[in-house]
Amino acid sequence: MSTAVLLYFAVLLVTAQTTGNAVLSYVLAALVALGCAIGLARWSVRLRGGRTRLTQGLCIAVPLLLVAGLSWTWFGAPATYTPLPDSSSVQYWDLPTGSRIGYVRTAGTVTHSEPVLLVHGGPGAPATESAEFAGRLAAAGFAVYTYQQVGAGQSSRLDPEEYTLDRHVADLEAIRQELAAPKVVLIGSSWGGQLTAHYMATHPDNVAKAVVASPGAMSSDSFEDGSLTPTGSSDQTRRFSEHTRFAATYFLAQLGGLRAARTLMPADTADGLYQQFVHSLNMSSGCPDAVAADRPAEATAGYSLWVNIATLASASKAADPRPALRHNQTPVLVLRAQCDYLRWEVTREYRDTFPRATMLTVDGAGHTALADKPAETGAAVVAFLTGEPLPAKPYTASEAPWQR
């Protein structure tokens, strides 16, 4: 019985990965499983001296019912997906890269020439909690663009192999050109910090100033022993064990089966699983005693799984941006959150790599620092961008701020 089930899934996944055809994959896997089950049934009846047809029937029916149930449970059963709500404030850029990018412009009286682009995390996690932060920048005279990276939110979807770090960098440069801005201000959170770093390595003269908040590791070989804090790693491991369906899909795709997973699982189902998983994470788990904040379901609206997996796979193979960034003279503000689930060394590397970097710490904030503390971070960013005195003394020590 177990042999037929294992053979079914092996054929199903291999066929889906090689052909990209869901119907063919299920038909071929079912035929192979049926052939195996019939063979096992005949062997079982022969051992019993041919005395019962019930044994033969059970040996055929049970594996087929089992694989059908498991297939539905893993790939077919729907998962609630929450899209970003339609809004008249959402506008679109149709870029020469082929990406259709949704964005929201927040501005009052604009007194600063450089537009501000909010570069969200994930990948595939469009910001839904940055309205207050963006409003504070707009009140200071900046035109702020909260854009949704390709593959997420209301932006266009691509085939997984098109979700690359280079594509995101190209989209960001196309947006700058669309705005007809010689230079832009980039504010990157989490993965957005990593994307900001790679953009600056590729286009060193196109950024007036940059801010990175709880940024992800610049390069795949920055931290071979992992970028999470011990408590952050423990929280994510626990969440994977609770969301077994998501974990199975995620690790299948991570191990090279992205085409198979995408072929067999509808995009809304995959995105719904991703939303449920991220919603369960404790964004402040860098502090051992921090309790996960109760966030509304809308906090993960518009999240997309395939762009996350494919982009991170591409980023893991990308050239190290640090050699180029060590000569970049762009002023950079680095925000380190007290309860970030990423290790202190990950954030410190940004401060230590950029020659003109300044670091400020954010007490009581988690990985989503801009959303957790919009007043404090907004004031700090406005002061940095306008050249006013910073609200706190820059942090320059090597050891973690809250462990001194």
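Trainee: Are Cys-287 and Cys-339 buried or exposed?
Mentor: This is a predicted model, and burial here is judged by a relative accessible area under 20%. By that criterion Cys-287 and Cys-339 are both buried.

Trainee: How many disulfides does a search of the whole structure find, and which residues are joined?
Mentor: A disulfide is a covalent bond between the sulfur atoms of two cysteines. The search of the whole structure finds 1 disulfide, with an S to S distance of 2.0 Å. The residues joined are Cys-287 and Cys-339.

Trainee: Where in the chain do Cys-287 and Cys-339 lie, and how many residues apart are they?
Mentor: The disulfide between Cys-287 and Cys-339 links distant parts of the chain. Cys-287 belongs to the loop between α9 (267–280) and α10 (305–315), whereas Cys-339 belongs to the loop between β7 and α12.

Trainee: Which residues of helix α12 are buried?
Mentor: Helix α12, residues 344–353, is mostly covered, with 7 of its 10 residues buried. What covers these buried residues includes the helices α6 (191–202) and α11 (322–325), together with the strands β6 (207–213), β7 (332–337) and β8 (357–362). The buried residues are Trp-344, Val-346, Thr-347, Glu-349, Tyr-350, Arg-351 and Thr-353.

Trainee: Which strands are the edge strands of the open sheet?
Mentor: The open sheet has 8 strands with mixed pairing, in the order β1-β2-β4-β3-β5-β6-β7-β8. An edge strand pairs on one side only, and in this sheet that applies to β1 (90–94) and β8.

Trainee: By what angle are neighbouring strands of this sheet turned against each other on average?
Mentor: The average is taken over neighbouring strands of the sheet, with direction ignored. On that basis the angle is 25°.

Trainee: What percentage of contacts between residues at least 6 apart in sequence join residues at least 24 apart?
Mentor: The chain has 14 helices and 8 strands, and of its 404 residues 51% count as buried. Among contacts between residues at least 6 apart in sequence, the share joining residues at least 24 apart is 78%.

Definitions and conventions:
Residues numbered from 1 in each chain as written. Predicted model: local features only at pLDDT ≥ 70, side-chain atom pairs only at ≥ 80, totals over all residues. Heavy atoms only, no water. Buried < 20%, exposed > 50% of the residue type's maximum accessible area, 1.4 Å probe, protein only. Helix = DSSP H or I, 4+ residues; strand = E, 2+ residues; numbered from the N terminus. Contact = heavy atoms within 4.5 Å. Disulfide = S-S within 2.5 Å. Pairing = 2+ DSSP bridges. Axes fitted to C-alpha atoms, helices over the stretch in contact; angles between N-to-C directions.
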